[in-house]
Amino acid sequence: MIELPEEGRGLHVVASVSGGKDSTALILALREAGIAARYVFADTGWESSVTYAYVDYLRVKLDVQIDVVGKPGGMVARIRHAAGFPGRMQRWCTRELKIEPLRAYHDALIEATGVETVSAMGVRADESEARAKMAEWEDEPEGRRSWGGYLWRPLLRWSIGDVLAIHNRHGVKVNPLYQRGHNRVGCYPCLFATKEEVALIAEHDPQVIDMIDDLEIETSAL
């Protein structure tokens with residue numbers, strides 16, 4: 001069972017929900033531990049319809065409020081404004097469509113209550129080398145590329161088996177996109193999607209690929 005570190009006692013816990021298996025496991029782990037939390041979904045406007053339906057499923061299944069934040073128009077509006085898609089050297093999507101709206105949500109809560117917040121995330125060390133180097137608890141200073149507040153990664157040492165086990169204990173299904181073969185469900189497709197993942201989208205949601213093609217033609221003409 002997870003436990004809120006001493007540094008977090010008295011803070012508002014705000015858990016980020018993506019519709020993925022790890023963030024769902026985070027909701028369940030917080031509830032098992034009796035840790036009060038708010039839940040918030042950063043909607044990029046670039047998510048699968050399956051993921052939107054899954055977030056609604058969690059609301060009903062768990063009888064939980066999941067707030068939504070995002071930028072007007074989401075990814076499409078930002079691509080049109082920037083006249084182009086994000087790239088590996090210009091990865092503005094995470095910062096502008098997720099981090100900034102979430103930071104604003106936290107700041108509004110702090111202003112309204114006078115109590116600091118901590119951002120709880122379903123990050124696991126075995127997902128990547130970079131995540132393996134992360135700390136479970138962190139006070140990240142404010143900066144252009146940083147969060148600027150407390151971060152808590154209570155599932156950092158969890159295995160995929162732990163994640164699936166807590167779903168099973170509570171009778172909660174995983175996002176159906178995993179059963180289609182997707183390894184991740186955030187953004188559809190993500191900048192770092194593999195050819196196999198793009199092929200899965202083309203197979204199940206060809207209209208998404210058509211929309212991207214049209215958007216590429218539109219922005220290239222600007």
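Which residues of helix α6 (residues 160-170) are buried? I found V163, I166 and H167, with buried meaning under 20% relative accessible area, exposed over 50% and partly exposed in between (1.4 Å probe, protein chains only). Helices (H or I, at least four residues) and strands (E, at least two) are DSSP runs, numbered from the N terminus.

A note on the source: this is a predicted model, where local features need pLDDT of at least 70, side-chain atom pairs count only at pLDDT 80 or more, and totals for chains, interfaces and linings use all residues. Residues are numbered from 1 along each chain as its sequence is written, and side-chain values use heavy atoms, with hydrogens and water left out.

Back to α6: I looked down its axis, and its buried residues fall within an arc of 105 degrees, so they line one face of the helix. The arc is taken from the directions from the helix axis to the C-beta atoms. On the face turned away from that buried side I noted the exposed N168 and R169.

Next I checked the partners: the buried residues of α6 pack against α1 (21-32) and α2 (49-62), contact being heavy atoms within 4.5 Å. Just after α6, G171 has a positive phi of about 65 degrees.
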